[in-house]
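Then step back to the fold as a whole.

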Amino acid sequence: MPLAKAINRALADELAADIKTILIGEDIGALGGVFRVTDKLQAQFGPDRVIDSPLAESGIIGACIGLAMRGYRPVAEIQFDGFVFPAFNQITTQLAKVHNRTNGAVTVPVTIRLPYGGHIGSIEHHSESPEALFAHTAGLRIIAPSSPHDAYWMTRQAINSVDPVIVLEPKRRYWLKGPVDLDTPAPDAFTAQVLREGTDVTLATYGPLVPVALAAAEVAATQGRSVEVVDVRSISPLDDETIARSAAKTQRLVVAHEAPTFGGFGAEIAARVSERAYHRLAAPVLRVGGFHMPYPPSAQEHRYLPDIDRMLEALERSFVYTSAGGHS
């Protein structure tokens with residue numbers, strides 16, 4: 001099924017499983033959301049379970065915090081990634097802090113669905129990648145599914161977590177089709193997974209760039225390079241052990257994401273892997289990402305977003321270094 005339909009099915013199954021699970025967001029009811037991810041859910045579960053909210057992101061998250069403190073499991077939809085910033089204060093200073101502030105006495109199991117990333121031909125504030133801004137805040141879990149199967153199970157795992165979870169939904173992949181096994185859960189949502197075994201270099205990414213990384217690995221194979229692809233999946237907590245183990249095996253690591261490389265989450269991955277596997281690396285960890293600039297007009301986003309060629313160029317740059325640590 002398409003990735004969007006997998007999320008829809010996950011939401012439906014959680015609504016059916018627990019009467020205290022509710023959805024809230026802008027236009028998620030009769031319209032089914034701008035991407036139709038919540039299509040028909042209000043008709044099935046009613047307007048008290050699938051709630052059309054005012055255009056007020058801070059109010060959405062504030063309401064979810066209160067509901068969670070009263071025993072509900074609210075699932076908020078933020079219509080577009082760039083619209084989350086009016087709710088940034090509620091998320092980072094309230095939602096992320098309640099559990100610690102109450103010395104563990106109060107949990108706030110809020111799930112925030114955040115369609116994110118570019119390549120949909122839209123204007124600014126509709127194609128952001130703000131994961132690093134939230135990852136810096138302790139108390140939040142952040143995950144990024146890349147396949148329909150992961151989207152289904154990771155969404156359900158997020159809703160059932162006792163902690164607040166931000167689910168970064170790769171909106172350019174909403175129509176990506178793939179198998180979904182409704183009986184066999186995906187691996188723990190908060191772990192990384194090796195999707196393709198390789199021996200020469202590791203390519204780690206998450207969300208919308210996972211299919212691009214797998215395609216780049218296929219091209220590299222025709223050029224005699226064996227690329228291991230790691231789907232990071234969980235940004236916080238970060239499964240740096242799996243990534244470092246892969247990098248130590250291949251001796252090289254390239255990290256890719258759509259967000260700008262400057263201050264991007266790839267820097268955290270690079271630092272952790274350098275600490276864990278420094279003596280095993282034959283080259284510095286390299287990063288591929290967006291540029292340090294406002295998101296460009298839609299006609300130019302293909303120049304901004306990492307593609308196969310930019311990934312391949314970074315992979316080849318990693319081979320400039322010898323195993324002795326210098327340039328070849």
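A salt bridge here is a side-chain nitrogen of Lys or Arg within 4 Å of a carboxyl oxygen of Asp or Glu. The model is predicted: local features need pLDDT of at least 70, side-chain atom pairs count only at pLDDT 80 or more, and totals for chains, interfaces and linings use all residues. Residues are numbered from 1 along each chain as its sequence is written, and side-chain values use heavy atoms, with hydrogens and water left out.

Side chains of opposite charge can pair when their charged atoms come close. Under the salt-bridge rule, the count is 19.

Take Asp 150 and Arg 233. Their side chains form a salt bridge at 2.9 Å, N to O. Asp 150 sits in helix H7, while Arg 233 sits in the loop between strand S9 (227-231) and strand S10 (234-236), so the pair ties together parts 83 residues apart in sequence. Helices (H or I, at least four residues) and strands (E, at least two) are DSSP runs, numbered from the N terminus. Asp 150 counts as buried, at 9% relative accessibility. Arg 233 is buried too, at 1%. Buried means under 20% relative accessible area, exposed over 50%, and partly exposed in between (1.4 Å probe, protein chains only).

Helix H7 (residues 148-159) also holds Arg 156, which pairs with Glu 14 of helix H1 (residues 3-17), 142 residues away. The N to O distance in the bridge between Glu 14 and Arg 156 is 2.7 Å. Glu 14 has 4% relative accessibility and counts as buried. This pair belongs to a network: shared partners join Arg 9, Asp 13, Glu 14 and Arg 156.

Now move to Asp 81 and Lys 171. Asp 81 lies in the loop between strand S3 (73-77) and helix H4 (88-95), and Lys 171 in the loop between strand S6 (165-170) and strand S7 (193-196), so parts 90 residues apart in sequence are tied together. Both Asp 81 and Lys 171 are buried.

What surrounds these pairs? The protein has 12 helices and 12 strands. Its radius of gyration, taken over C-alpha atoms, is 20 Å. The globule rule (2.2 Å times the number of residues to the power 0.38) gives 20 Å for 328 residues, so the protein is as compact as a globular protein of that length. Along the principal axes, the C-alpha trace spans about 65 × 45 × 40 Å. Buried residues make up 55% of the 328.
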